[in-house]
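Student: Could we go through this structure together, taking each kind of feature in turn, with the general idea before the particular case?

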Amino acid sequence: MDEEYDVIVLGTGLTECILSGLLSVEGKKVLHMDRNDYYGGESASLNLTQLYRKYRPNQSPPESLGRDRDYAVDLVPKFIIASGELTKILVHTDVTRYLEFKQIAGSFVYRDKRISKVPSTEMEAVTSPLMGFMEKRRAKKFFEFLQNWKDNDPTTHQGLNLDRDSMKTVYEKFGLEAGTQDFIGHAMALYLDDDYITKPARPTYDRIILYTSSMARYGKSPYIYPLYGLGELPQSFARLSAIYGGTYMLDKPIDEIVTDDAGKFVGVRSGSETVKAKQLIGDPTYFTGTAAGESGKVRVLEEGKVVRAICLLKHTIPGTDDSDSCQIIIPQNQVGRKHDIYIAMVSATHNVCAKDVYVAIVSTVVETDKPELEIAPAINLLGPIYDKFVSITPLYTPTSSGQSDNIFITRSYDATSHFETVVEDVQDVWKRVIGSDLVLKKRDTEEVVQ
(Lines give C-alpha, C1' and ligand atoms only; values in the text may rest on other atoms or scores of the structure.)
Protein backbone atom coordinates (compact mmCIF):
# COMPACT_ATOMS: atom_id res chain seq x y z
CA MET A 1 0.00 0.00 0.00
CA ASP A 2 2.96 2.29 -0.53
CA GLU A 3 1.76 3.46 -3.95
CA GLU A 4 -0.07 6.74 -4.49
CA TYR A 5 -3.31 6.76 -6.48
CA ASP A 6 -5.40 9.31 -8.32
CA VAL A 7 -8.60 8.11 -6.65
CA ILE A 8 -9.44 5.79 -3.78
CA VAL A 9 -13.00 4.39 -3.82
CA LEU A 10 -14.56 3.03 -0.61
CA GLY A 11 -17.35 0.48 -0.93
CA THR A 12 -18.19 -1.81 -3.83
CA GLY A 13 -21.85 -0.87 -4.24
CA LEU A 14 -23.10 -0.33 -7.77
CA THR A 15 -22.71 3.47 -7.68
CA GLU A 16 -19.08 3.21 -6.55
CA CYS A 17 -18.23 0.39 -9.00
CA ILE A 18 -19.66 2.30 -11.98
CA LEU A 19 -17.54 5.31 -10.99
CA SER A 20 -14.37 3.27 -10.50
CA GLY A 21 -14.91 1.57 -13.86
CA LEU A 22 -15.50 4.82 -15.72
CA LEU A 23 -12.56 6.55 -13.99
CA SER A 24 -10.24 3.65 -14.85
CA VAL A 25 -11.31 3.83 -18.50
CA GLU A 26 -10.45 7.56 -18.37
CA GLY A 27 -6.89 6.63 -17.36
CA LYS A 28 -7.17 7.35 -13.63
CA LYS A 29 -5.14 5.17 -11.24
CA VAL A 30 -7.86 3.74 -8.98
CA LEU A 31 -7.68 1.78 -5.71
CA HIS A 32 -11.01 0.26 -4.67
CA MET A 33 -11.41 -0.90 -1.05
CA ASP A 34 -14.27 -2.59 0.82
CA ARG A 35 -14.66 -3.61 4.45
CA ASN A 36 -16.72 -6.64 3.34
CA ASP A 37 -15.33 -9.84 1.85
CA TYR A 38 -17.83 -9.70 -1.04
CA TYR A 39 -18.75 -7.26 -3.80
CA GLY A 40 -21.89 -5.17 -3.77
CA GLY A 41 -21.94 -3.38 -0.41
CA GLU A 42 -25.50 -2.19 0.22
CA SER A 43 -26.51 -3.51 -3.24
CA ALA A 44 -25.12 -7.05 -2.87
CA SER A 45 -26.92 -10.30 -3.70
CA LEU A 46 -26.72 -12.98 -0.99
CA ASN A 47 -26.95 -16.75 -1.11
CA LEU A 48 -29.34 -18.49 1.25
CA THR A 49 -26.79 -19.00 4.05
CA GLN A 50 -25.65 -15.37 3.86
CA LEU A 51 -29.27 -14.18 3.88
CA TYR A 52 -30.14 -16.08 7.06
CA ARG A 53 -26.80 -15.18 8.68
CA LYS A 54 -27.54 -11.48 8.06
CA TYR A 55 -31.12 -11.47 9.37
CA ARG A 56 -31.28 -14.60 11.59
CA PRO A 57 -27.77 -15.34 12.89
CA ASN A 58 -28.96 -18.28 15.01
CA GLN A 59 -31.10 -19.97 12.36
CA SER A 60 -30.06 -22.17 9.44
CA PRO A 61 -31.99 -22.03 6.16
CA PRO A 62 -34.76 -24.66 5.99
CA GLU A 63 -33.99 -27.58 3.67
CA SER A 64 -37.31 -27.07 1.91
CA LEU A 65 -35.89 -23.93 0.21
CA GLY A 66 -33.39 -26.03 -1.75
CA ARG A 67 -29.69 -25.59 -2.45
CA ASP A 68 -27.72 -22.66 -1.13
CA ARG A 69 -25.99 -22.04 -4.46
CA ASP A 70 -29.31 -21.54 -6.26
CA TYR A 71 -29.89 -18.25 -4.45
CA ALA A 72 -28.75 -14.68 -5.13
CA VAL A 73 -31.19 -12.52 -3.16
CA ASP A 74 -30.85 -8.77 -3.65
CA LEU A 75 -30.63 -6.54 -0.58
CA VAL A 76 -31.84 -3.58 -2.64
CA PRO A 77 -34.53 -4.31 -5.26
CA LYS A 78 -33.88 -2.51 -8.55
CA PHE A 79 -34.75 -3.12 -12.21
CA ILE A 80 -33.04 -1.66 -15.26
CA ILE A 81 -35.15 0.44 -17.64
CA ALA A 82 -34.45 -1.01 -21.08
CA SER A 83 -33.75 2.34 -22.78
CA GLY A 84 -32.57 4.12 -19.62
CA GLU A 85 -29.29 5.69 -18.55
CA LEU A 86 -27.83 2.56 -16.93
CA THR A 87 -28.38 0.60 -20.15
CA LYS A 88 -26.49 3.34 -22.03
CA ILE A 89 -23.56 3.03 -19.60
CA LEU A 90 -23.59 -0.78 -19.85
CA VAL A 91 -23.46 -0.60 -23.65
CA HIS A 92 -20.92 2.27 -23.74
CA THR A 93 -18.47 0.44 -21.44
CA ASP A 94 -19.09 -2.96 -23.07
CA VAL A 95 -19.83 -4.35 -19.60
CA THR A 96 -22.66 -6.29 -21.26
CA ARG A 97 -20.09 -8.91 -22.28
CA TYR A 98 -19.88 -10.00 -18.61
CA LEU A 99 -23.62 -10.17 -18.09
CA GLU A 100 -26.77 -11.84 -19.34
CA PHE A 101 -30.14 -10.13 -18.98
CA LYS A 102 -33.71 -11.30 -18.94
CA GLN A 103 -36.85 -9.28 -19.31
CA ILE A 104 -39.16 -8.60 -16.36
CA ALA A 105 -42.48 -10.10 -17.36
CA GLY A 106 -44.96 -7.48 -16.17
CA SER A 107 -45.43 -3.88 -15.03
CA PHE A 108 -48.45 -3.30 -12.81
CA VAL A 109 -50.09 -0.57 -10.76
CA TYR A 110 -52.40 -0.83 -7.76
CA ARG A 111 -55.59 1.17 -8.08
CA ASP A 112 -59.03 0.92 -6.53
CA LYS A 113 -57.95 -2.10 -4.44
CA ARG A 114 -56.78 -4.23 -7.35
CA ILE A 115 -53.67 -4.83 -9.46
CA SER A 116 -53.83 -3.85 -13.13
CA LYS A 117 -51.35 -3.78 -15.99
CA VAL A 118 -49.89 -0.34 -16.70
CA PRO A 119 -51.09 0.86 -20.14
CA SER A 120 -48.26 2.45 -22.12
CA THR A 121 -49.80 3.13 -25.54
CA GLU A 122 -53.02 4.64 -26.81
CA MET A 123 -54.26 1.15 -27.78
CA GLU A 124 -53.55 -0.30 -24.32
CA ALA A 125 -55.30 2.71 -22.78
CA VAL A 126 -58.44 1.84 -24.76
CA THR A 127 -58.57 -1.70 -23.32
CA SER A 128 -57.29 -0.97 -19.79
CA PRO A 129 -59.62 -1.87 -16.88
CA LEU A 130 -58.13 1.10 -15.00
CA MET A 131 -60.47 3.55 -16.70
CA GLY A 132 -64.09 3.96 -17.65
CA PHE A 133 -65.21 4.41 -21.27
CA MET A 134 -64.97 8.22 -21.44
CA GLU A 135 -61.70 8.31 -19.51
CA LYS A 136 -60.21 5.78 -21.95
CA ARG A 137 -60.94 8.16 -24.80
CA ARG A 138 -59.28 11.04 -22.94
CA ALA A 139 -56.24 8.90 -22.06
CA LYS A 140 -55.95 7.76 -25.68
CA LYS A 141 -55.81 11.40 -26.83
CA PHE A 142 -53.21 12.16 -24.11
CA PHE A 143 -50.91 9.32 -25.24
CA GLU A 144 -51.37 10.27 -28.90
CA PHE A 145 -50.37 13.84 -27.99
CA LEU A 146 -47.18 12.61 -26.31
CA GLN A 147 -46.22 10.27 -29.15
CA ASN A 148 -46.88 12.90 -31.83
CA TRP A 149 -45.11 15.80 -30.08
CA LYS A 150 -42.33 17.41 -32.12
CA ASP A 151 -40.46 20.36 -30.63
CA ASN A 152 -40.07 22.11 -33.99
CA ASP A 153 -43.67 21.57 -35.13
CA PRO A 154 -46.16 23.84 -33.31
CA THR A 155 -49.08 22.02 -34.92
CA THR A 156 -48.33 19.09 -32.58
CA HIS A 157 -48.34 21.24 -29.43
CA GLN A 158 -52.10 21.81 -29.02
CA GLY A 159 -51.35 25.18 -27.44
CA LEU A 160 -49.10 23.73 -24.73
CA ASN A 161 -45.50 24.62 -23.89
CA LEU A 162 -43.76 21.74 -22.09
CA ASP A 163 -41.02 24.02 -20.78
CA ARG A 164 -43.42 26.57 -19.33
CA ASP A 165 -46.73 24.83 -18.59
CA SER A 166 -46.98 22.58 -15.54
CA MET A 167 -47.93 18.92 -15.72
CA LYS A 168 -51.14 19.93 -13.94
CA THR A 169 -51.97 22.14 -16.95
CA VAL A 170 -51.31 19.24 -19.34
CA TYR A 171 -53.50 16.85 -17.34
CA GLU A 172 -56.28 19.46 -17.25
CA LYS A 173 -55.99 20.02 -20.99
CA PHE A 174 -57.02 16.39 -21.54
CA GLY A 175 -59.40 16.26 -18.57
CA LEU A 176 -57.65 13.28 -16.95
CA GLU A 177 -59.03 12.02 -13.65
CA ALA A 178 -56.94 11.92 -10.46
CA GLY A 179 -56.60 8.12 -10.62
CA THR A 180 -55.33 8.28 -14.21
CA GLN A 181 -52.85 10.98 -13.21
CA ASP A 182 -51.71 8.61 -10.43
CA PHE A 183 -50.65 5.75 -12.68
CA ILE A 184 -49.16 8.07 -15.33
CA GLY A 185 -47.08 10.02 -12.82
CA HIS A 186 -46.04 7.15 -10.58
CA ALA A 187 -46.14 3.93 -12.61
CA MET A 188 -44.89 5.43 -15.90
CA ALA A 189 -42.99 8.64 -15.09
CA LEU A 190 -41.84 6.85 -11.91
CA TYR A 191 -42.03 9.82 -9.55
CA LEU A 192 -41.90 9.02 -5.83
CA ASP A 193 -44.39 11.74 -4.88
CA ASP A 194 -46.68 14.38 -6.43
CA ASP A 195 -44.25 17.33 -6.36
CA TYR A 196 -43.78 17.01 -10.13
CA ILE A 197 -47.37 18.08 -10.89
CA THR A 198 -46.76 21.78 -10.28
CA LYS A 199 -43.43 21.85 -12.14
CA PRO A 200 -42.83 22.29 -15.92
CA ALA A 201 -44.07 19.29 -17.89
CA ARG A 202 -40.89 18.62 -19.92
CA PRO A 203 -39.19 16.20 -17.45
CA THR A 204 -42.43 14.24 -17.06
CA TYR A 205 -42.82 14.06 -20.84
CA ASP A 206 -39.25 12.76 -21.12
CA ARG A 207 -39.86 10.14 -18.43
CA ILE A 208 -43.08 8.86 -20.03
CA ILE A 209 -41.40 8.64 -23.45
CA LEU A 210 -38.52 6.72 -21.82
CA TYR A 211 -41.05 4.30 -20.30
CA THR A 212 -42.97 3.78 -23.56
CA SER A 213 -39.82 3.40 -25.68
CA SER A 214 -38.43 0.88 -23.17
CA MET A 215 -41.74 -0.96 -23.28
CA ALA A 216 -41.64 -1.06 -27.06
CA ARG A 217 -38.10 -2.44 -27.05
CA TYR A 218 -38.96 -5.87 -25.67
CA GLY A 219 -42.74 -5.89 -25.05
CA LYS A 220 -44.36 -7.09 -21.77
CA SER A 221 -42.57 -4.58 -19.51
CA PRO A 222 -39.96 -1.80 -19.80
CA TYR A 223 -37.60 -3.52 -17.36
CA ILE A 224 -34.68 -5.94 -17.67
CA TYR A 225 -32.69 -7.71 -14.96
CA PRO A 226 -29.28 -9.45 -14.83
CA LEU A 227 -29.21 -13.22 -14.42
CA TYR A 228 -27.79 -14.29 -11.02
CA GLY A 229 -28.90 -11.08 -9.31
CA LEU A 230 -28.00 -7.43 -9.07
CA GLY A 231 -24.70 -8.29 -7.37
CA GLU A 232 -23.45 -9.18 -10.85
CA LEU A 233 -23.58 -5.50 -11.85
CA PRO A 234 -20.96 -4.09 -9.44
CA GLN A 235 -18.74 -7.13 -10.09
CA SER A 236 -18.88 -6.49 -13.82
CA PHE A 237 -17.85 -2.84 -13.42
CA ALA A 238 -15.09 -4.01 -11.06
CA ARG A 239 -13.82 -6.28 -13.87
CA LEU A 240 -13.90 -3.29 -16.20
CA SER A 241 -11.84 -1.24 -13.74
CA ALA A 242 -9.33 -4.10 -13.30
CA ILE A 243 -8.85 -4.40 -17.07
CA TYR A 244 -7.84 -0.73 -17.13
CA GLY A 245 -5.46 -1.06 -14.17
CA GLY A 246 -7.76 -0.64 -11.18
CA THR A 247 -6.70 -2.37 -7.95
CA TYR A 248 -9.20 -4.07 -5.59
CA MET A 249 -8.89 -4.88 -1.89
CA LEU A 250 -11.80 -6.70 -0.24
CA ASP A 251 -12.10 -7.53 3.48
CA LYS A 252 -10.05 -4.41 4.26
CA PRO A 253 -11.10 -2.47 7.39
CA ILE A 254 -11.17 1.30 6.99
CA ASP A 255 -9.84 2.74 10.26
CA GLU A 256 -9.34 6.37 9.34
CA ILE A 257 -9.82 8.87 6.52
CA VAL A 258 -6.70 11.00 6.83
CA THR A 259 -6.80 14.76 6.16
CA ASP A 260 -4.14 17.46 6.41
CA ASP A 261 -4.20 20.58 8.62
CA ALA A 262 -6.36 22.37 6.06
CA GLY A 263 -8.92 19.54 6.10
CA LYS A 264 -8.02 18.26 2.61
CA PHE A 265 -7.96 14.53 1.89
CA VAL A 266 -4.57 12.83 2.16
CA GLY A 267 -5.21 9.10 2.35
CA VAL A 268 -6.93 6.13 3.98
CA ARG A 269 -5.54 4.21 6.95
CA SER A 270 -6.17 0.50 7.35
CA GLY A 271 -4.42 -0.88 10.43
CA SER A 272 -0.84 0.42 10.43
CA GLU A 273 -0.84 1.16 6.70
CA THR A 274 -1.88 4.40 5.03
CA VAL A 275 -2.45 4.65 1.28
CA LYS A 276 -2.42 8.09 -0.32
CA ALA A 277 -4.45 9.55 -3.18
CA LYS A 278 -5.52 12.88 -4.63
CA GLN A 279 -9.27 12.22 -4.29
CA LEU A 280 -11.61 9.96 -2.34
CA ILE A 281 -15.03 8.62 -3.37
CA GLY A 282 -17.05 6.61 -0.89
CA ASP A 283 -20.45 5.27 -0.04
CA PRO A 284 -22.02 7.22 2.85
CA THR A 285 -21.82 4.38 5.39
CA TYR A 286 -18.03 4.94 5.51
CA PHE A 287 -18.56 8.48 6.82
CA THR A 288 -20.90 7.94 9.77
CA GLY A 289 -18.37 6.91 12.43
CA THR A 290 -15.05 7.92 13.92
CA ALA A 291 -13.12 6.93 10.78
CA ALA A 292 -14.74 9.77 8.88
CA GLY A 293 -11.91 12.25 9.29
CA GLU A 294 -11.17 15.15 11.60
CA SER A 295 -13.04 15.20 14.90
CA GLY A 296 -16.50 16.74 14.83
CA LYS A 297 -16.78 16.98 11.04
CA VAL A 298 -20.24 15.90 9.90
CA ARG A 299 -19.96 14.58 6.35
CA VAL A 300 -23.36 12.92 5.90
CA LEU A 301 -26.86 13.61 7.16
CA GLU A 302 -29.69 11.13 7.57
CA GLU A 303 -32.61 12.47 5.54
CA GLY A 304 -34.98 9.58 6.18
CA LYS A 305 -35.21 5.80 6.24
CA VAL A 306 -36.27 3.06 3.84
CA VAL A 307 -38.08 -0.06 4.98
CA ARG A 308 -37.58 -3.18 2.86
CA ALA A 309 -39.12 -6.62 3.28
CA ILE A 310 -37.60 -9.57 1.41
CA CYS A 311 -40.40 -12.12 1.07
CA LEU A 312 -39.91 -15.72 -0.08
CA LEU A 313 -43.03 -17.06 -1.79
CA LYS A 314 -44.01 -20.45 -3.17
CA HIS A 315 -46.34 -18.91 -5.77
CA THR A 316 -46.68 -15.98 -8.15
CA ILE A 317 -48.35 -12.81 -6.90
CA PRO A 318 -52.15 -12.99 -7.33
CA GLY A 319 -53.48 -10.67 -10.03
CA THR A 320 -50.26 -10.55 -12.08
CA ASP A 321 -51.31 -13.09 -14.74
CA ASP A 322 -48.94 -15.70 -13.24
CA SER A 323 -45.96 -13.52 -14.19
CA ASP A 324 -42.63 -15.08 -13.16
CA SER A 325 -41.38 -11.54 -12.45
CA CYS A 326 -42.96 -8.13 -12.16
CA GLN A 327 -42.98 -4.67 -10.71
CA ILE A 328 -46.03 -3.39 -8.87
CA ILE A 329 -46.28 0.26 -7.87
CA ILE A 330 -48.77 1.35 -5.23
CA PRO A 331 -49.21 5.12 -5.74
CA GLN A 332 -49.23 7.12 -2.53
CA ASN A 333 -52.78 8.41 -2.97
CA GLN A 334 -54.17 4.89 -3.23
CA VAL A 335 -53.18 4.09 0.37
CA GLY A 336 -53.18 7.54 1.98
CA ARG A 337 -49.42 8.04 2.05
CA LYS A 338 -46.86 10.64 0.98
CA HIS A 339 -44.62 8.13 -0.82
CA ASP A 340 -45.29 5.22 -3.18
CA ILE A 341 -44.78 1.59 -2.17
CA TYR A 342 -42.86 -0.67 -4.57
CA ILE A 343 -42.94 -4.43 -5.09
CA ALA A 344 -40.23 -6.09 -7.20
CA MET A 345 -40.51 -9.83 -7.81
CA VAL A 346 -38.04 -12.21 -9.52
CA SER A 347 -37.79 -15.99 -9.67
CA ALA A 348 -35.82 -19.05 -10.74
CA THR A 349 -36.17 -17.77 -14.32
CA HIS A 350 -33.51 -15.19 -13.35
CA ASN A 351 -31.27 -17.74 -11.56
CA VAL A 352 -31.76 -16.08 -8.16
CA CYS A 353 -33.66 -18.79 -6.27
CA ALA A 354 -34.74 -22.42 -6.41
CA LYS A 355 -37.44 -23.61 -8.78
CA ASP A 356 -40.97 -22.84 -7.57
CA VAL A 357 -39.67 -20.14 -5.21
CA TYR A 358 -40.31 -16.45 -5.86
CA VAL A 359 -38.51 -13.51 -4.25
CA ALA A 360 -40.69 -10.43 -3.75
CA ILE A 361 -39.14 -7.33 -2.16
CA VAL A 362 -41.36 -4.57 -0.83
CA SER A 363 -39.88 -1.11 -0.20
CA THR A 364 -40.95 2.41 0.69
CA VAL A 365 -39.80 5.53 2.48
CA VAL A 366 -40.56 5.38 6.21
CA GLU A 367 -43.14 7.97 7.31
CA THR A 368 -44.11 6.85 10.85
CA ASP A 369 -42.65 5.03 13.87
CA LYS A 370 -44.30 1.79 12.65
CA PRO A 371 -42.61 1.06 9.30
CA GLU A 372 -43.84 -2.54 9.06
CA LEU A 373 -47.42 -1.32 9.19
CA GLU A 374 -46.61 1.10 6.35
CA ILE A 375 -45.76 -1.76 3.96
CA ALA A 376 -48.82 -3.81 4.97
CA PRO A 377 -50.82 -2.76 1.84
CA ALA A 378 -48.11 -4.37 -0.31
CA ILE A 379 -47.54 -7.39 1.94
CA ASN A 380 -51.27 -8.13 1.77
CA LEU A 381 -51.08 -8.37 -2.04
CA LEU A 382 -48.47 -11.14 -1.98
CA GLY A 383 -50.59 -14.00 -0.68
CA PRO A 384 -49.11 -16.56 1.78
CA ILE A 385 -45.47 -15.73 2.64
CA TYR A 386 -43.05 -18.60 3.30
CA ASP A 387 -40.50 -16.37 5.06
CA LYS A 388 -39.87 -12.67 5.47
CA PHE A 389 -36.79 -10.57 6.28
CA VAL A 390 -37.36 -6.92 7.20
CA SER A 391 -34.69 -4.20 7.30
CA ILE A 392 -34.83 -0.47 7.99
CA THR A 393 -31.89 1.46 6.57
CA PRO A 394 -31.01 5.15 6.80
CA LEU A 395 -31.02 7.36 3.71
CA TYR A 396 -27.78 9.33 3.85
CA THR A 397 -26.92 12.39 1.81
CA PRO A 398 -23.54 14.23 1.76
CA THR A 399 -23.30 17.60 3.51
CA SER A 400 -20.96 19.14 0.91
CA SER A 401 -19.93 18.81 -2.73
CA GLY A 402 -16.47 17.54 -1.78
CA GLN A 403 -14.67 20.04 -3.97
CA SER A 404 -13.12 21.86 -0.99
CA ASP A 405 -11.59 18.75 0.63
CA ASN A 406 -11.50 16.24 -2.29
CA ILE A 407 -13.82 13.85 -0.42
CA PHE A 408 -16.80 12.94 -2.63
CA ILE A 409 -19.65 10.98 -1.07
CA THR A 410 -22.41 9.12 -2.88
CA ARG A 411 -26.04 8.87 -1.76
CA SER A 412 -27.89 5.92 -0.21
CA TYR A 413 -30.11 3.78 -2.43
CA ASP A 414 -33.67 5.10 -2.39
CA ALA A 415 -36.93 3.16 -2.24
CA THR A 416 -37.55 3.12 -6.02
CA SER A 417 -37.31 -0.20 -7.85
CA HIS A 418 -35.39 1.19 -10.83
CA PHE A 419 -31.83 2.45 -11.38
CA GLU A 420 -32.41 5.91 -12.86
CA THR A 421 -31.79 7.67 -9.53
CA VAL A 422 -28.54 5.68 -9.10
CA VAL A 423 -27.28 6.90 -12.47
CA GLU A 424 -28.25 10.48 -11.55
CA ASP A 425 -25.97 10.11 -8.51
CA VAL A 426 -23.15 8.70 -10.70
CA GLN A 427 -23.47 11.69 -13.03
CA ASP A 428 -23.52 14.12 -10.10
CA VAL A 429 -20.42 12.64 -8.40
CA TRP A 430 -18.59 12.42 -11.75
CA LYS A 431 -19.15 16.13 -12.38
CA ARG A 432 -17.92 17.00 -8.88
CA VAL A 433 -14.81 14.80 -9.22
CA ILE A 434 -13.85 15.55 -12.83
CA GLY A 435 -15.31 19.05 -13.19
CA SER A 436 -17.31 18.31 -16.33
CA ASP A 437 -20.41 16.34 -17.33
CA LEU A 438 -20.22 12.60 -17.90
CA VAL A 439 -20.38 12.23 -21.67
CA LEU A 440 -20.82 8.76 -23.16
CA LYS A 441 -19.37 8.61 -26.65
CA LYS A 442 -21.94 7.34 -29.12
CA ARG A 443 -21.74 3.66 -29.93
CA ASP A 444 -23.89 1.43 -32.04
CA THR A 445 -26.95 0.41 -30.04
CA GLU A 446 -27.16 -3.18 -29.08
CA GLU A 447 -29.85 -5.42 -27.68
CA VAL A 448 -28.81 -6.46 -24.19
CA VAL A 449 -31.49 -9.13 -23.82
CA GLN A 450 -30.57 -12.13 -25.89
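Student: What volume does the largest pocket have, and how is a pocket defined?

Tutor: On a 1 Å grid over the protein atoms alone, a pocket is an open set of points with protein on both sides within 12 Å along at least five of seven lines, whereas a cavity is a set of points where a 1.4 Å probe fits but cannot get out; lining residues have an atom within 4 Å of a point. Grid points are joined across faces, edges and corners, and a volume is the space filled by probe spheres set on the points. Here the largest pocket has a volume of about 760 Å³. This is a predicted model, in which local features need pLDDT of at least 70 and side-chain atom pairs count only at pLDDT 80 or more, while totals for chains, interfaces and linings use all residues. Residues are numbered from 1 along each chain as its sequence is written, and side-chain values use heavy atoms, with hydrogens and water left out.

Student: Which residues lie nearest the centre of the largest pocket, and which elements give two or more residues to its lining?

Tutor: The lining comprises 34 residues, and L192, R411, D414, T421 and E424 are the ones nearest the centre. Helices (H or I, at least four residues) and strands (E, at least two) are DSSP runs, numbered from the N terminus. In those terms, helix 8 (202-218), strand 18 (387-398) and helix 12 are the elements that give two or more residues to the lining, and helix 12 has the largest share, with 9 residues. The pocket lining divides into 16 nonpolar, 7 polar and 11 charged residues.

Student: How should I read helix 12 itself, and which of its residues are buried?

Tutor: The expected span of a helix is 1.5 Å times one less than its number of residues. Helix 12 (residues 420-434) has 15 residues and reaches 21 Å from its first C-alpha to its last, close to the 21 Å expected. Buried means under 20% relative accessible area, exposed over 50%, and partly exposed in between (1.4 Å probe, protein chains only). The buried residues of helix 12 are E420, V422, V423, D425, V426, V429, W430, R432 and V433. Just after the helix, G435 takes a positive phi of about 95 degrees.

Student: How many residues of helix 7 are buried, and what do they pack against?

Tutor: Contact means heavy atoms within 4.5 Å. In helix 7 (residues 178-188), 10 of the 11 residues are buried, among them F183, I184 and H186. These buried residues pack against strand 7 (106-111), helix 5 (133-148), helix 6 (167-174), helix 8 and strand 15 (326-330). Just after helix 7, L190 has a positive phi of about 60 degrees.

Student: What is the strand order in the open sheet of 3 strands, and which strands stand at the edges?

Tutor: Strands of a sheet pair through backbone hydrogen bonds, either parallel or antiparallel. Two strands count as paired if DSSP finds at least two bridges between them. This open sheet has the order 5-9-6, with antiparallel pairing. Strand 5 (80-81) and strand 6 (101-103) are at the edges, each with a single partner strand, so one side of each is left without a neighbour in the sheet. Strand 6 pairs with strand 9 (residues 223-226) over 3 bridges, and F101 stands opposite P226 in strand 9.

Student: Where does a hairpin turn with a positive phi occur?

Tutor: Strand 7 and strand 8 form a hairpin with 2 residues between them, and D112 in the turn has a positive phi of about 50 degrees. The two strands pair in the antiparallel sense over 4 bridges, with R111 opposite R114 in strand 8.

Student: What volume does the largest cavity have, and which strand gives the most to its lining?

Tutor: The largest cavity has a volume of about 70 Å³. Strand 16 gives the most to its lining, with 3 residues, and the lining as a whole divides into 9 nonpolar, no polar and 2 charged residues. V73, D74 and Y225 are among the lining residues.

Methods. Ala, Val, Leu, Ile, Met, Phe, Trp, Tyr, Cys and Pro count as nonpolar, Asp, Glu, Lys and Arg as charged, and the others, Gly among them, as polar.
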